[in-house]
Amino acid sequence: MKITRREWEYLNEGEDNLQSEQIDQLHSLAIRSARRLRLPEYSVLSRVIKGFRVGQVVGILAIPGLTVEILPKIDDDDNSTRKALVRMLNLAYGLRIADGEITTVDKHFDLLEILIQIFANRLLVAVRRGLPRRYLTHRDDLRLLRGKLDVTRQVTRLTVRPDLVACCYDELSPDTPLNRVFKAAVVRLSGISRSLVNIRTLNELKVRLDSVGNSSNPLGEKVRLGRTNNSYHELYRWACLFLKGDYQSTSDGSMRGFALLFAMNDLFESFIGNSLKRVFSEIPGYSVLLQHSKKTVTALRNENCQGIFNLKPDVVIERNDQPYIVLDTKWKDLKPDKSEKDSNSNKLSIKESDIYQMIAYAHAYQPSRLILLYPWHKQIASEAGIIHRWEISKTNYPLNIATVDIGYSEQDHYSKHIGNALKEITALSDDSP
């Protein structure tokens, strides 16, 4: 059974045949997931009478017999929202998903099945070309010499066995740490997926990985990523992403649940930051710094003027090594204040603390522009972009309130659309290095 909800929606007992026992299992899984995301325990699912309210997270919670899919709260149907979310994950985590891989996915798939299909198809293509192998040293007692003679063992352990030769040799083997991680991910996903198409692909992968050993701690495997296995780097990140969401019973190893969740604040920040890196990487003189923490808001009054209380804006765009734009992302729906008669002074439900934070950035960085960036929705403006141009009092610092449409429906041009939108917001076309 599958249940789909958006952020902040309710999940009540009795709806969609949801049972009280399943509610308890989901609650336990949600608490574990929140801890892994380093969020308060109520951030994923908060208890209400006979049910939950979904928090500001997206992804999948799965227990035996039930999958709960949480989608971002944007203006679009579920299928389009899923694909937009996959594209956000692609840009945020560098998964290098091609648009063709997303458009060919079955429209009835939930987020988990979409990600499983992309991963399984990619891994199968790579495995069909041949598993990555490495030489492993073996020491065996054989009837004929193979490799080198292990003299010490021959004269100590085999003195009474003249029919055997102590051999030391290297053999090319597919049983590598990287392949063990892939096998663990495939085995785990084959127990979660409910799609016959995905299960068929995963079963073929299990057969092709049969010569690879099992790992008791796949995330602890000492995997070495280098030029020799460069084509497997993204697949390894995918496998780890799936394995981190696995929760097993400590008593018998049976499935307790699976969670693949992302805090939307962090996802939106990473998505915008990496998109800006792409935009400015092609322009000489510009650089994009994420989570910059070299400035402080105060300094001790002593001879060293030591700074305290570090600032950490989401994005600092430098031009010729000088701060040019300071940008902060906020995953929050802006809401017009109907009580305001003057639309130009509309506060849009923006928190005063966010404005004070931008004032601190202006003081510390002295940039040319400050930007607060929010997701766009139809109720706030007819189209995305800069919706307010404010100025910090008694300074020359413009503060722009902007929105970006992450639910853009033109699938084959999503990255280009986001890039162009960010260029317009940062007024890149008006500047030259």
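Asp-354 and Lys-330 are both buried, where buried denotes under 20% relative accessible area, exposed over 50% and partly exposed the range in between, with a 1.4 Å probe and protein chains only. Because Asp-354 lies in helix 10 and Lys-330 in the loop between strand 16 and helix 10, the pair ties together parts that are 24 residues apart in sequence; helices (H or I, at least four residues) and strands (E, at least two) are DSSP runs numbered from the N terminus.

The model is predicted, and local features accordingly need pLDDT of at least 70 and side-chain atom pairs pLDDT 80 or more, whereas totals for chains, interfaces and linings use all residues. Residues are numbered from 1 along each chain as its sequence is written, and side-chain values use heavy atoms, with hydrogens and water left out.

Under the salt-bridge criterion, the count comes to 19. Among them is the bridge between Arg-47 and Asp-24, with a closest N to O separation of 3.9 Å; since Arg-47 belongs to strand 3 (residues 45–48) and Asp-24 to helix 1 (residues 20–36), this pair ties together parts that are 23 residues apart in sequence. Arg-47 is partly exposed at 42% relative accessibility, and Asp-24 is likewise partly exposed, at 46%. A further bridge joins the side chains of Glu-204 and Arg-208 at 3.1 Å, N to O, and these residues, four apart in helix 7 (residues 196–208), are separated by about one helical turn. Glu-204 is partly exposed with a relative accessible area of 25%, as is Arg-208 with 37%.

Aromatic contacts were assigned to rings of Phe, Tyr and Trp (its six-membered ring) whose centres lie within 6.5 Å, with planes under 30 degrees apart counted as stacked, over 60 as edge-to-face and the rest as tilted. The rings of Phe-119 and Trp-238 are stacked, because their centres are 6.4 Å apart and their planes stand at 20°. This pair links distant parts of the chain, with Phe-119 in helix 4 (residues 111–128) and Trp-238 in helix 8 (residues 233–243), 119 residues apart. Phe-119 is buried, at 0% relative accessible area, and Trp-238 is buried at 1%. Ring pairs also bring Phe-242 into a cluster with Phe-119 and Trp-238.

Helix 2 (residues 78–93) comprises 16 residues and reaches 22 Å from its first C-alpha to its last, close to the expected 22 Å, the expected span being 1.5 Å times one less than the number of residues. This helix is mostly covered, with 12 of its 16 residues buried, including Arg-82, Lys-83 and Arg-87.

Two residues other than glycine adopt positive phi values in loops. Ser-349, with phi of about 65°, lies between strand 16 (322–329) and helix 10 (352–365) and is partly exposed, with a relative accessible area of 31%. Gln-366, with phi near 50°, is placed in the loop between helix 10 and strand 17 (369–375) and counts as exposed at 57% relative accessibility.

Conventions
A salt bridge is a side-chain nitrogen of Lys or Arg within 4 Å of a carboxyl oxygen of Asp or Glu.
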